[in-house]
Amino acid sequence: MHHRAHPGLGLSHTHSSSSSAQTPTRTMNVFNPKILDASIRDVTAGLSNDQKADVLLYAMGHLELERSRTLIENAVQSCLSIARLPAANAAKARLMRAKARLAAGLRVGARQDIQAVLELQPDNPEAAALMAEHVVSPDKPLVQPHTTPGFSTEIWREIALWLPPRDLKSLLKVPHVLSRIASELLFQRVDLHLASEKRESQRSADILTRIITDASFASHIRTLRVFVPGRETSPLTFQTGMLSNALPKLTNLRNVHCSMRWKDMYSILRVLETISHRLTGLSLMPSDGTGELRFPRFRHIMQFSYHSTGGATTQVYDFLVQNKASIRYLSLHNPNWAFPTEAISVRNLTHLDFQGTFPADSRAFAEILSNGHQLESLRLECILECTASKQFREFATALPFLHHFAFSLMGYRVNDHDLFPAIADFLKGRHALRSLELTVPSADWALKRLGYDATVWGVLPSLTSLRTLTATLPKDVAAAVAMWLVPRGVQALSLQALSPVNTIEFVSQLRAGLPPPLKYIGLSQFHVEDATAVIEQGFPMVRIARIDDEYYTVSRVDGKIHLDEWPRGRTQYNSREWLECYGCEGAEWRDPTQFL
């Protein structure tokens with residue numbers, strides 16, 4: 001192998017003899033700095049496995065234990081995998097690994113190695129000394145009862161991520177690192193209730209003060225939800241002033257929801273616009289009037305929700321246009337507005353929730369079905385004036401990734417006898433569909449004018465993965481028969497009442513055909529005088545019952561059904577989280593304030 005001479009390496013031929021005499025002769029430096037590594041590899045290649053183990057054990061003796069545990073763990077394991085490894089080398093390898101584990105605080109693993117060494121060499125003085133000095137006595141179990149495992153903070157955090165908020169709140173009182181982790185996870189989302197009852201107002205003021213004074217606490221907040229109840233008319237100058245001071249401190253804020261008057265909402269949005277946060281989620285629910293809100297100039301919104309009952313479309317549509325390329329989740333509710341075909345890119349959406357009017361000349365259904373290739377969730381609440389059946393027939397196999405579908409009529413000014421048969425054909429055989437909602441204002445008129453008949457219910461058995469069903473029972477389907485058509489995997493069932501019925505008698509007919517895993521029942525527009533009797537007669541197996549807007553936890557006490565009504569704050573703002581605690585998280589459509 002030839003090496004090219006490098007300037008400055010070796011002796012110069014121009015040096016004088018006197019200089020040569022005074023300067024010791026230097027050998028030529030090696031050009032390849034990795035030649036030593038290569039030489040070690042070449043030399044050990046011809047050795048037996050036992051001899052290689054000797055070299056490896058010698059080399060490990062020169063490593064720093066605190067910094068080289070992974071290297072030592074791998075090296076020792078490779079030595080121990082050698083068949084018929086001499087006992088002396090096995091003991092030496094395990095002893096070296098025990099020292100590395102002790103240096104890392106892994107006493108249980110170290111004890112296992114030391115015990116193995118003593119089995120191989122009962123008189124090994126170093127192993128005996130380590131056992132006596134660092135490791136618990138051999139007659140004690142590896143993990144003491146009633147003690148906390150010594151996991152790292154990262155492991156505890158991964159465990160805590162699986163816990164519901166109710167359990168995280170319990171951990172706040174535990175004197176352990178879990179308390180801090182639970183606090184960080186719980187306060188990733190903060191709810192502020194301004195101008196509410198005294199206790200909630202004081203809580204919100206305390207949180208705002210903490211945000212302003214504690215940068216570490218503020219840095220954990222990802223989602224901020226601000227609620228002002230009803231059409232609150234008292235001035236909120238002080239509260240919005242505190243909030244304006246707190247917003248710049250939320251350096252990792254990504255999602256904001258506001259439910260309040262136009263004036264107060266605009267003040268908050270103006271502050272958000274002036275700070276450097278890059279919001280990805282924005283949800284707005286103005287509680288008063290039909291004013292025209294001035295939207296901030298955000299351009300990277302991925303989740304956008306806007307629910308109102310009036311106002312012009314100009315500002316909202318301009319905002320949608322400037323975020324057209326980034327929006328993936330869109331929830332737009334206004335019964336007076338038409339579908340914003342020109343303002344959004346349906347092909348970019350994965351979740352679409354629209355409530356509004358479909359005029360007589362509307363092709364919005366065709367636009368959604370033809371371009372919504374990525375849609376996983378589609379919810380349409382309609383005031384229908386167009387013939388939609390033709391559009392559903394035209395794109396019967398569209399939306400291949402659809403998991404959640406809802407079609408609800410709030411009103412209609414059209415006779416379209418093929419509408420629901422067309423929707424039934426559109427849904428038939430969709431094995432990936434997990435939740436379905438089909439409701440109409442009146443089963444009698446929907447049967448006559450829109451074809452809402454047994455054909456719709458007959459498609460249910462083909463939806464084999466369905467877990468949540470919300471529906472108006474067709475007029476021409478008997479209650480007892482209808483339940484046997486519901487897929488056997490359904491866990492949450494919500495029914496809308498037909499014409500006035502005897503509720504106790506009606507639910508008694510349903511009971512025999514109910515799906516076995518049913519956990520949640522919802523009853524809407526039923527006349528219920530005794531909720532406990534209704535649940536006991538028809539749905540004793542469920543864990544949660546909802547009757548109109550009231551939620552109940554269902555339990556059995558001394559063999560009898562007992563209902564605990566949920567408080568208003570739980571149902572109004574946190575119902576999904578509490579449903580999740582009882583295994584019913586998919587029972588209701590995701591609220592837009594619950595950011596993905």
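Reader: How are helix 6 and helix 7 oriented where their axes cross?

Author: In this predicted model, local features need pLDDT of at least 70, side-chain atom pairs count only at pLDDT 80 or more, and totals for chains, interfaces and linings use all residues. Residues are numbered from 1 along each chain as its sequence is written, and side-chain values use heavy atoms, with hydrogens and water left out. The axes of helix 6 (residues 107-120) and helix 7 (residues 125-134) come within 9 Å and cross at roughly 150 degrees. Because angles over 145 degrees count as roughly antiparallel, helix 6 and helix 7 are roughly antiparallel.

Reader: Which orientation does helix 4 take relative to helix 5?

Author: The axes of helix 4 (residues 69-80) and helix 5 (residues 87-103) lie 9 Å apart, at an angle of about 160 degrees. Helix 4 is therefore roughly antiparallel to helix 5.

Reader: Is isoleucine 40 buried, partly exposed or exposed?

Author: Isoleucine 40 is placed in helix 2 (residues 35-45). Buried means under 20% relative accessible area, exposed over 50%, and partly exposed in between (1.4 Å probe, protein chains only). Because its relative accessibility is 47%, isoleucine 40 counts as partly exposed.

Reader: How many residues of helix 18 are buried?

Author: Helix 18 spans residues 419-427 and is mostly covered. Among its buried residues are Leu419, Phe420 and Phe426. Of the nine residues in helix 18, the number buried is eight.

Reader: Which residue just after helix 18 takes a positive phi?

Author: The phi in question is about 75 degrees. The residue that takes this positive phi, just after helix 18, is glycine 429.

Notes:
Helices (H or I, at least four residues) and strands (E, at least two) are DSSP runs, numbered from the N terminus. Axes are lines fitted to C-alpha atoms, for helices over the stretch in contact, and angles run from 0 to 180 degrees between N-to-C directions. Angles under 35 degrees count as roughly parallel, over 145 as roughly antiparallel, 65 to 115 as roughly perpendicular and the rest as oblique.
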